[in-house]
Amino acid sequence: MTTTENKMTIEQFYNHPPSAVWKCLTVPELHAKWWAAGDIRAEVGHKFELEMGAWGKQKCEILVVEKEKLLKYIFAAGVLDTTISFELSPDINGTKLKFTQEGFNLDNPASRQALEGMGRGWPGLLKNIDRTLHMHESQERIEKKILYNVPRSRVWKAISNSKEFGSWFGMELNGPFKAGQTIFGQIVPTTVDPEVAKLQEPHRGKKVELFVDQIEPETKLCLKWHPFAMDPNVDYSNEPMTLITFLLEEKSANQTQLTITEEGFENLPLSRRADAIKANDGGWAHQMILLQKYLNK
């Protein structure tokens with residue numbers, strides 16, 4: 001940290017992309033976790049208040065917004081009248097942040113005290129961004145692992161062949177998986193578990209859309225979809241998709257570890273985000289068992 005007469009500057013590195021750090025700076029629910037609650041929004045002219053505990057609510061106003069590059073606003077208008085800026089620059093391994101707070105009136109004892117106090121506090125606060133991002137990512141990412149006692153080639157075929165995939169998953173798809181293409185279909189009951197099939201039966205015929213993002217033979221299959229899109233009265237087509245990754249690792253000639261991840265939930269509307277994570281977290285656990293039953297047939 002460097003401090004001049006009425007200004008402090010701190011540089012911090014994060015092992016996260018600028019887009020993730022930007023969300024911590026501009027999304028209220030994340031901002032509250034690393035610093036203070038308030039209706040912050042990346043919109044020039046937007047006025048908001050930050051809840052500063054014993055120091056009360058401090059008025060702020062957005063001055064400059066360059067998405068994922070620069071955020072600058074007045075902090076504590078009418079009290080300190082300082083400006084805070086966050087400058088982001090991409091790095092090969094993450095993001096460099098340059099934080100600046102300036103405009104302290106050193107003729108005012110309260111302002112001088114704020115410079116000293118905030119100078120001690122900001123390094124820890126900026127480190128909180130990293131902790132918040134790690135916590136946020138772990139809460140909004142699903143990961144499941146299972147070991148199958150079958151060769152990797154057999155697991156791969158059950159996953160990458162769209163007909164076999166649909167058989168155990170509970171889908172009828174209209175074509176093969178091809179990287180860069182969208183495949184459509186509908187829900188049909190699974191063929192490997194009568195009890196699960198009964199649960200899927202009420203959803204028979206519901207339309208399914210999958211985008212094939214990436215295929216690495218016998219190693220990785222990446223699909224995108226609209227998660228937990230169950231309400232027939234809602235158009236989900238304009239929502240971002242989540243990314244599903246099936247990753248295979250050969251443990252021995254007849255043992256294969258499958259890791260399934262699903263990420264991107266943070267881009268879903270807040271109103272249904274938690275329900276989608278909860279439903280799919282349980283759903284993937286069940287699907288791994290269905291796949292196991294399919295492989296054991």
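Predicted model: local features only at pLDDT ≥ 70, side-chain atom pairs only at ≥ 80, totals over all residues.
Local features were considered at pLDDT of at least 70 and side-chain atom pairs only at pLDDT 80 or more, whereas totals for chains, interfaces and linings use all residues. Residues are numbered from 1 along each chain as its sequence is written, and side-chain values use heavy atoms, with hydrogens and water left out.

Helices (H or I, at least four residues) and strands (E, at least two) are DSSP runs numbered from the N terminus. Strand β5 (residues 57-66) pairs in the antiparallel sense with strand β6 (residues 70-75) over 6 bridges, pairing requiring at least two DSSP bridges between two strands. Glu66 stands opposite Leu70 in β6. The two strands, β5 and β6, form a hairpin with 3 residues between them, and Glu68 in the turn has a positive phi of about 65°.

Strand β6 also pairs in the antiparallel sense with strand β7 (residues 82-91), over 6 bridges. Within this pairing, Thr83 in β7 is the bridge partner of Ile74. A hairpin is formed by β6 and β7 with 6 residues between them, where Ala76 in the turn has a positive phi of about 60°.

The axes of helix α5 (residues 162-169) and helix α7 (residues 270-295) come within 9 Å and cross at roughly 115°; axes are lines fitted to C-alpha atoms, for helices over the stretch in contact, with angles running from 0 to 180 degrees between N-to-C directions. Helices α5 and α7 are therefore roughly perpendicular to each other (65 to 115 degrees). The contact (heavy atoms within 4.5 Å) involves Glu164, Ser167, Trp168 and Phe169 of α5 and Trp284, Gln287, Leu290, Leu291 and Tyr294 of α7.

Definitions and conventions. Parallel < 35°, antiparallel > 145°, perpendicular 65-115°, else oblique.
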